[in-house]
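Here is a short briefing on a pocket and a helix pair. The structure comes first, then the points by topic.

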Amino acid sequence: MTEEDKEVEQLIEQLSRSPSKSPTTKATPNGLGLVKGASPAALSKGNAKSRPYKGKLFKDRKSRSGMRGEPKKGGAGGKGTWGKATESYEDASPIKDSHDPNYDSGEDGAYVMDTIEPELPESQLHKYVEPIVKEYYDHGDIREVAESLRELNIRAIRYKIPQVVIAMAMEHKADHRELTSRMLSDLYGEYVSADEMTRGFDSLVSDLEDLVLDTPNAAEVLGCFIARAVADDCLPPVYVTNHTTGSELAKSALKHANVLLKKSHGMMHLDNVWGIGGGRRPVRVLVNKIKLLLDEFLSSGELKEAERCLVELDVPHFHHELVYEAIVVVLEQGTEACAKKIIRLLKFFTDSNIVTPDQIKSGFLRVFGDLPDICLDVPHAQHVLERFVVACFDAGFMSREISTAIPSRGRKRFVSEGDGGALKPPPTADSVTWRLSSSVS
């Protein structure tokens, strides 16, 4: 039995001998004390490490290990605290951001800062490439295109460039397709590798079913692009023969490319696979194209198809030839049905601003100047022209200046020249029966 236990028993004995006296707290060497109200039974159940407080026993919190139990950081290191207000804590990692107020350039000697640009996602490729290609259609400078493409971080999807530019060219005219073929030839090797070029055409062949929805002749157009790429050494010749599987549209495109390549001197003729665009074509070719356009319109009556054919010619400065040839057709046929169709066509072109008023004026003045020669082949041309001019003026696309510039009739025939001795009266407004119906306006 320890000394502490002996002292406790002695105190219990003293209390039991004098119950009438009120108990008082007495200090002990080990810090234990008795509180008023503590019963001997409660004290007898305790041990050396317990002490009573208001009738209860509590564990003694005094450390037996000999180490001091001071709190961390002097009581300022609890959870969610920043430490004492006057105490600072050093950060082991230096600040690398030069814009940070605590940045120290002396500690940044071992670090090199570099700008990292994220790669452009495939979903946004068309958004950034489309304006570059449209500007190229205007200026034709391939160096500016190459510089603009290099600014885009598209190394992983660079093979998509041929696919995007060809898909755009399919919806444009022949001149833009020619520029696209030249662009692919210039970019090949310097910006687009042989493998990327092949992968781009593979994507186009597999996407033909979607391209046909916007461009009905997409298979034929893609076949021309493939043949031109082979002629420009952008694709190997075996590319056409090795593709034996795929959809019917893919087979049709490759077959068309194979036919173009197997023609006599096909490689030389493929330089003009898109034709000679715009005013670079001979005048005779343009005149034949315009005559064919008028013949197709008179047989079908499709205004939109005539508009498409005229826009594809890309000769806005030569539209007076369309007006001239249209008037000549009316004079040669001399029928009211033909005149109404031509008036409907010219009014549509002027309302849509495809044919300007100056071109209308030039076409009519040319007919007025050639009228004597036309009358040699068409004797009634003068009379038909007068009625046609009145109908055009009523339609609203001819100015009064043009309508009054029509040449007068030739000399009057004498009585002895026939018609039973009577002079042929000049046409009056009542004799002009060509007027636009409500459907022509």
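**Largest pocket**

The largest pocket has a volume of about 870 Å³. A pocket here is an open set of points on a 1 Å grid over the protein atoms alone, where a 1.4 Å probe fits, with protein on both sides within 12 Å along at least five of seven lines. The volume is the space filled by probe spheres set on the points, which are joined across faces, edges and corners.

This is a predicted model: local features need pLDDT of at least 70, side-chain atom pairs count only at pLDDT 80 or more, and totals for chains, interfaces and linings use all residues. Residues are numbered from 1 along each chain as its sequence is written, and side-chain values use heavy atoms, without hydrogens and water.

- Helices are DSSP runs (H or I, at least four residues), numbered from the N terminus.
- The lining comprises 13 nonpolar, six polar and twelve charged residues. Ala, Val, Leu, Ile, Met, Phe, Trp, Tyr, Cys and Pro count as nonpolar, Asp, Glu, Lys and Arg as charged, and the others, Gly among them, as polar.

**Helix pair α15 and α17**

- α15 (residues 319-333) and α17 (residues 357-369) have axes that come within 8 Å and cross at roughly 45 degrees. Axes are lines fitted to C-alpha atoms over the stretch in contact, with angles from 0 to 180 degrees between N-to-C directions.
- Contact (heavy atoms within 4.5 Å) involves Tyr 324 and Ile 327 of α15 and Phe 364 and Val 367 of α17, among others.

Note on methods:
1 Å grid on protein atoms, 1.4 Å probe; cavity = no way out; pocket = protein on both sides within 12 Å on 5 of 7 lines; lining within 4 Å. Helix = DSSP H or I, 4+ residues; strand = E, 2+ residues; numbered from the N terminus.
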